[in-house]
Structure formats: structure tokens, C-alpha cells
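Try each one yourself before you read its solution.

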Amino acid sequence: MTKDYRNDRRHKLGTEAWIRFDNGFSVRPCVLLDMSKKTVRLMVNEPYVVGDQFSLLMTRNGTPGTRCRVRRRNGKEIAADFVGKRRAAA
């Protein structure tokens, strides 16, 4: 078994969340796979439709959401960093 050398502990969640694209009102569902203080990993049906920056919402009509920047795409998964101050709901 390999040791996890990351500084921030990741919490596995598997809960439903939503992505709001920049300059848009519509939201797309995603699954919040895991999250740390600085990063998040999501499963999205069409990851290449998601822009390089987006807002992560914990409720469908959540506002304003938490700003994220895509770090990596792998299959249907997106790894992203939180940008700026993270909201308490996320």
C-alpha cells in the first residue's frame, strides 16, 4: 500500500453537486468524489464541456458557489483547485 504524501486530508464523499459555468445561469449535475481544503475531484458526464473555471454548488440553486479552476481531466473525472476564499457550504 502506498503512503499518501499530500498535505491536506481528502474526504471521500460521493454526494451530488452542481457546476455552474461562467456567465451562465444553467447548472449541470456532477458527483463530488472527494474534497480537501484546497482541491476537489468531481465526476461529470461531459468533462470537456466544462470550462477551465466554474462555480461548484452544493445545492441546485446555491449562490454564489465556490470558484474552481480545472487542474486535470481524466476520463469523466475533473480535478480542480479552489480559487480565492472557499465558501463554508462547500
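**Exercise 1.** Find what joins strand 2 to strand 3, and through how many residues.

*Solution.* Strands here are DSSP runs (E, at least two residues), numbered from the N terminus. This is a predicted model, in which local features need pLDDT of at least 70 and side-chain atom pairs count only at pLDDT 80 or more, while totals for chains, interfaces and linings use all residues. Residues are numbered from 1 along each chain as its sequence is written, and side-chain values use heavy atoms, leaving out hydrogens and water.

Next, check the pairing (at least two DSSP bridges between two strands). Strand 2 (residues 27-35) and strand 3 (residues 39-43) run antiparallel, joined by four bridges. Within this pair, V31 stands opposite M43.

**Exercise 2.** Name the bridge partner of L42 in strand 6.

*Solution.* First, strand 3 and strand 6 (residues 77-82) run antiparallel, with five bridges between them. Then look along strand 6: the partner of L42 is I78.

**Exercise 3.** Is S55 buried or exposed?

*Solution.* Locate S55 in strand 4 (residues 53-57). S55 counts as buried because its relative accessibility is 8%; the cut-offs are under 20% for buried, over 50% for exposed and partly exposed in between, using a 1.4 Å probe and protein chains only. Finally, look at its surroundings: leaving aside neighbours within four places in sequence, S55 has contacts (heavy atoms within 4.5 Å) with W18, I19, R20, P64, T66 and R67.
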